[in-house]
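Q: Please take a close look at one part of this model, beginning with a single residue and its surroundings. Then place that part within its chain and its partner chain.

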Amino acid sequence: MTKEERLKKRHRAEKRFRFYGLTSIFVALLFVVILVQNIFSKGSSAFKKTVITTEVFFDQELLEIQNGASQEEIMEADFYDIMIENLIKAYPAKDRDEEDELLKLFSGDAEIEIKKAFLNDNNLIGKTITLDLTASDDIDQLHKGNYPRDLPEERRRISDFQLVIYDYFVENKKISKNFNNYFFNNGDSRDPELAGIGGALVGSFYSILICLLLAFPVAVLASIYLEEFAPKNKITDFIEININNLAAVPSIVYGLLALQILLATIQLPRSTPLVAGITLALMTLPRIIIPCRASLKAVPPSIREGALAVGASKFQSVFHHVVPLALPGTLSGTIIGLAQALGETAPLILIGMVAFVVDIPSSPVDPSSSLPVQVYLWSESAERGFVEKTSATIMMLLSFLIVMNFIAVYLRQKFEKRWN
Amino acid sequence: MNFVLLFLITIFSLSLFFYGRSKTKSISIEKNIRLNALPKFYGYYLVLWCSIPALVFLLVWSLFEPVIIKSIIIETAANQGAIFSDKNEANLIYEKIKAIHLGTYFGDIDSILRESALAYAKFINLFTNSKVVLIFGIIIASVIYSLKKIKNNNKARDDVEVILKGLLFVSSLIAILTTLGIIFSLLFESIKFFSVINVFDYLFGTNWSPQRAFVRDASSITAAEFEELKDAFGFIPLIAGTSFIAFIAMLVAVPIGLFSGIYMAEYASIKVRRISKPIIEILAGIPTVVYGFFAALTVGPFFRQVGENLGLTVSSESALAAGLIMGIMIIPYVSSLSDDVINSVPQSLRDGSYAVGATKSETIKQVVIPAALPGIIGSVLLAVSRAIGETMIVVMAAGLAANLTINPLESTTTITTQIVMILVGDQEFDSPKTQSAFALGLTLFIATLILNYIAQRAVKKYREKYD
């Protein structure tokens, strides 16, 4: 091999090596794109729901209440007959079986939706109004194109006759898509068309709030102690080792800790945002302390010395000068820690947040779910409708995380002082 | 009640602040003496003395009150003639009594329950009253003490700072308390577990089927049941599955992460670096439940489909899908850390290599990487510890049955999956099955601790070498 050939070979090797590096970065970026694209393409349809425009006639004979009935009377009244009578008119069905199949195209909440219309206007008896009633999950998925209709009938959840009704609805423009308010307002449900993340949102909010209230002050005080006051001795070393180790402990271990100490020993109520918040706070604490200490460390000693020189005590120099200067870094570290806590699932499963909770929690001691746990729960469900709901929940979760991280970066860039 | 007390404590503290400030001011004017601290510090001093003892007392009381009341009530119920054979039934009776007291119980109420509910009401009343009395006693005592102090013109600022420093120290102790809490809560149940199951049966058994542990009470196990239990809790399949999935993950994460790290540290322009680094780090910020969803609903079925087309039987919960997705999650841990490590290799080493005519890639392969090796190994070990502790991806995408297999297309299970599967839903306390989850947790905790320790030592040693 001549010198030139060898050099060429070495340069080829150089190019190859560079190519490997670039490819692996490209592959990593590609994964991000695939993941996000996959979630968004599955989830974006969940923000709309399919409604069937139906004429509803409030027949006096089928209702026990009069025009102008009070709210309690309406709430107690039975709207079931009204619902049935009106829904079967949506399509000219021939017999009982066909009517039953027709009724299955509406959601389980059709009666409540009619009742709500009456609650808004209690003079409807004897009148006919048009209402947009939520369609059942099967029709919803079919209308959004998530459900193949060319399968043989026995493998479909929708019968041939229901398809005929559906086509009739489409032809007469009786079926349309509305903003899915249920997705944001409702709690969990066994029916995908009625299930929402309202409960999970509130549960996550309470958990993160409690986590913030507990973890932030303790983390700031602990890092101030370790950076500014701690003497160099065994105890301080031991605390530091502990913090570093805790930051690397798998999150599920915190779930076991919460199960044994918070639930079994102290007997706090299961499945509640209170316990979730405390667990997440314990988990997030070391992860906040580390960036807090870094930002305290970044404040140059001249600041402290200047304060001491004009007669401030050690405490005053720290709390009047060092801490305010370190605050942007501290806050952004806290927000990133909270963002991790918001996406954390495993410890919450262990403390029982997987319970099926329909009601939206009104306080941190009510049983509740949380966004990531809701993702886990729905992803285990068989119904097709839950796939888009899960993806949409992930979209909500990711957008919260993006906003939080954005605020953290902004705080740091806008307010942090550079010292060189 | 607690909220009322908290509110009162706040009000008292605030009013004491203003009282202390003005009082010391007037003392200094009256007696014409110079105060030892600014007036506000006397206010702070009073606030701290008024609030901290009372709050600490309230916290400790609230933690122990339910436990004490419960044991008293269960005893009373037993004296009344209630029959319960184990802890679960006792808990059930206690919950009934509580529900009767709150008026939310709709079952039949017999005389035992009624008497116990009355006793419960009595004790709740007694405890609440004594709590209020004691708290006021504590507040009065500490306020009298501190008022006496400030009348003597103490050095209030120094005293306040000593108290605050104590507070700072206590908050940093919470890290130690958490560690202790983890160790004790894991050990406590694990010891119970190992008193039934031999440690060696656990560590070297090759069969994991905890659902066989139908025994409710660990203390009353017959010899036959004991034999049955003996080989139900074998750890080998779990550690094998965990290592196997972690291994697949590392096969994905190490090459991609390492090459990206090298490229970013050595080749990339500042602009490329500034854009691509945060995007890759997004991978570490995405919640793991999202990866789990992706693996279970997209990647798993996709592999299954591909396998079918190739004529292979691929489980839809294959180790391959879980490992691949876990590897993607771990890429940024490897890439960021190795990027840092490579950046801290001194430039003089590279310059020396260029000076003897090496190309850039030769320099990297033969000089930079050997120099950075301990740090790179450290970062890979950290990534491994992250992989074996990862829960959601494997819970959603890996299997539940413990198979001893090295076929990546079959399903395997992991330590974390089993912990979740055992503890999700209703648990029977005191059953070896529930306790086994804590034994698994302890094993996981120790394993990650050792890995992290070695990794941190390696990185630290490496850093010191070039400082």
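A: B:Ile27 is located in helix α1 (residues 2-30) of chain B, where helices are DSSP runs of H or I with at least four residues, numbered from the N terminus. The model is a predicted one, in which local features need pLDDT of at least 70 and side-chain atom pairs count only at pLDDT 80 or more, while totals for chains, interfaces and linings use all residues. Residues are numbered from 1 along each chain as its sequence is written, and chains are lettered from A and ligands numbered from 1 in the order in which they are written.

B:Ile27 counts as partly exposed because it has 17 C-beta neighbours inside 10 Å; a residue is buried with 20 or more other C-beta atoms within 10 Å of its own, exposed with 12 or fewer, and partly exposed in between, the C-beta atoms being placed from the backbone. Although 124 residues separate B:Ile27 from B:Lys151 in sequence, their C-alpha atoms are 8.0 Å apart in space.

Chain B is divided into domain 1 (2-154) and domain 2 (236-466), with bounds from an automatic or database domain assignment. The C-alpha centres of these two domains of chain B are separated by 49 Å.

A helix pair of chain B may be considered next. Helix α8 (residues 236-267) of chain B and helix α13 (residues 360-389) of chain B have axes that come within 10 Å and cross at roughly 140 degrees; axes are lines fitted to C-alpha atoms, for helices over the stretch in contact, and angles run from 0 to 180 degrees between N-to-C directions. α8(B) and α13(B) are therefore oblique to each other, given that angles under 35 degrees count as roughly parallel, over 145 as roughly antiparallel, 65 to 115 as roughly perpendicular and the rest as oblique. Residues making this contact include B:Ala246, B:Met250 and B:Ile262 of α8(B) and B:Ile364, B:Val380 and B:Val384 of α13(B), a contact being two C-beta atoms, placed from the backbone, within 7 Å. By class, the contact of α8(B) with α13(B) has twelve nonpolar, one polar and two charged residues; Ala, Val, Leu, Ile, Met, Phe, Trp, Tyr, Cys and Pro count as nonpolar, Asp, Glu, Lys and Arg as charged, and the others, Gly among them, as polar.

Between the chains, 68 residues of chain B and 66 residues of chain A take part in the contact. On the side of chain B that touches chain A, helix α5 (residues 156-196) of chain B gives the most, with 20 residues. That side of chain B comprises 42 nonpolar, 21 polar and five charged residues.

Notes. Helices (H or I, at least four residues) and strands (E, at least two) are DSSP runs, numbered from the N terminus.
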